[in-house]
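The sequence and the structure are shown below.

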Amino acid sequence: MNTKQKLSILSIILLLAALACSLTPDTGGEATIPGDMVETSVAQTLAAESGDSGESGTEPAPTDETSTTPTTESETPLHVAYIDDGDLWLWTEAGGNVELYTGETVNDLLLSPDGEVVAFTTIGADYLITGLWRIFTNGTGVQKLVSGADFLGMATDDAIGAAPYLWQFIPGTHTVAFNTKLLFEGPGLLIQGDLRHVNLDTGALSIFLPAGEAGNFYYSPDGSRIAITTPTSISLINADGSNRQDGVVTFDFVNTASEAAFYPAPRWAVDSSRLWALIPSSQPFEPDATFEVFEVSSNGETVSSLGVYPGEAAHFNSAQAISPDGNYVAYLQRVGDARELHVAQFGGGDTSYSPAVEGITGWSLDSTHFLYGRQVGETWIGALGSTPEVLDGGTSVGDAVWLPDGQFVYSSGTYGAFSIRLGTLGAGSILIASPASDFAVFDVAP
């Protein structure tokens, strides 16, 4: 097999998790925590492609509707899809590692929450997208659903191409919602503000919101509502395109000191009743920088400020700063050349939790454990009510996905030498794969 190039984004989120009401620093400098979307229906018939990769199959008949496939995530055995040397692989506890696809170079993937189907994108030697595909996790049904030409048609005249930027399975379906970013010969990130659907079962591709009418998007867990974020606002819309409410939260443009604008990344409550969003001040690197946390009801009728806090809030993936139960926010405050981790309870106190912190890699579904990094490159498991422990002997963690029952799938290592592992609280970890890739790119179901 020829050596393949991969593109991926490794996020090391500079955020953290929540704590219980009282945090008491221990003598080691850590802390001991005491014991708690009118759909603009522009259906586009997909042109069948032949000879793309030697794959066989009949092109699915497109429709303009989003069909649903009910899922029961809690009954889904653990699946981990990942990229190894530009090929698509799947790991299950029962079946181990199986290669699902080899052909064009895979650069990104998305695994359905029911563990039945993988959406993946491929690239060419010029790094332009050559297709968006699907394959079922039993190894059948491989099909290119959106071609490279389709993606070129999504780009403006001044760009060399377009690619998916943010993508997500619409809850309870095999339909992937995605927006696009424009590709240029030079650096830069320009999100087009569109929202498109591709049904992996039927192959139907449609535009839900045309360019300029959306931004980044976040479906509620029950799939009924969508939060749409831009660099200056948060809006809400029903998943059927009705009841759009623009600017339920507005704010000043945030200086990120980069070519990427700040888009809020809200966290939905598990019951879809509300969401929380963290908004930094316009100059977040100044000594007097602050951030504000808002709570918004799912119907958009109630917006409340949960407080303005001092310090340095992370600009990307900021949903991770807020605890899953919506009770706490974690943030970084500069102390000399270092960052100190603080945790504040909404309506309550603010506690210094740990010095010399690099960032947070997400935390458990029950809001009791979290992974965070120290300046020395160590990754720690913080726990409510117990002493933090070093994970994998101090090897830095990249991405992490928490599962029920105290398990988490995570990448560990350094550039070009990552592994993907399954950890269990109190029981160490096991190796899933050591992919030959610059970064570890994986997704997990349930």
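## The second largest pocket

A pocket is an open set of grid points with protein on both sides within 12 Å along at least five of seven lines, and its lining residues have an atom within 4 Å of a point. In this predicted model, the second largest pocket has a lining of 16 residues, and those nearest its centre are I381, E389, T424, L425 and G426. The space in this pocket amounts to about 210 Å³.

Strands β29 (379-383) and β30 (386-390) each contribute at least two lining residues. The most come from β30, which supplies 4 residues. By class, the lining of the second largest pocket comprises 7 nonpolar, 7 polar and 2 charged residues.

## Nonpolar cores

The largest nonpolar core contains 24 residues, among which V146, V176, V198 and L200 touch the most other members. At least two residues of this core come from each of β8 (117-123), β9 (129-136), β10 (143-147), β11 (161-169) and β12 (175-183). A separate, second core has 20 residues, including Y328, L341, L371 and Y410.

With neighbours within four places in sequence left aside, L200 is in contact with V117, A119, R134, L145, F169, H174 and V176.

## Model confidence

The protein chain has a mean pLDDT of 82, with 81% of its residues at 70 or more. Residues 1-74 have a pLDDT below 50, and this stretch makes 221 contacts in the model beyond near neighbours in sequence.

How values were computed: Residues numbered from 1 in each chain as written. Predicted model: local features only at pLDDT ≥ 70, side-chain atom pairs only at ≥ 80, totals over all residues. Heavy atoms only, no water. 1 Å grid on protein atoms, 1.4 Å probe; cavity = no way out; pocket = protein on both sides within 12 Å on 5 of 7 lines; lining within 4 Å. Points joined across faces, edges and corners; volume = space filled by probe spheres on them. Nonpolar A, V, L, I, M, F, W, Y, C, P; charged D, E, K, R; others polar. Core = buried A, V, L, I, M, F, W, Y, C linked by side-chain atoms within 4.5 Å. Buried < 20%, exposed > 50% of the residue type's maximum accessible area, 1.4 Å probe, protein only. Contact = heavy atoms within 4.5 Å. pLDDT = per-residue confidence, 0-100.
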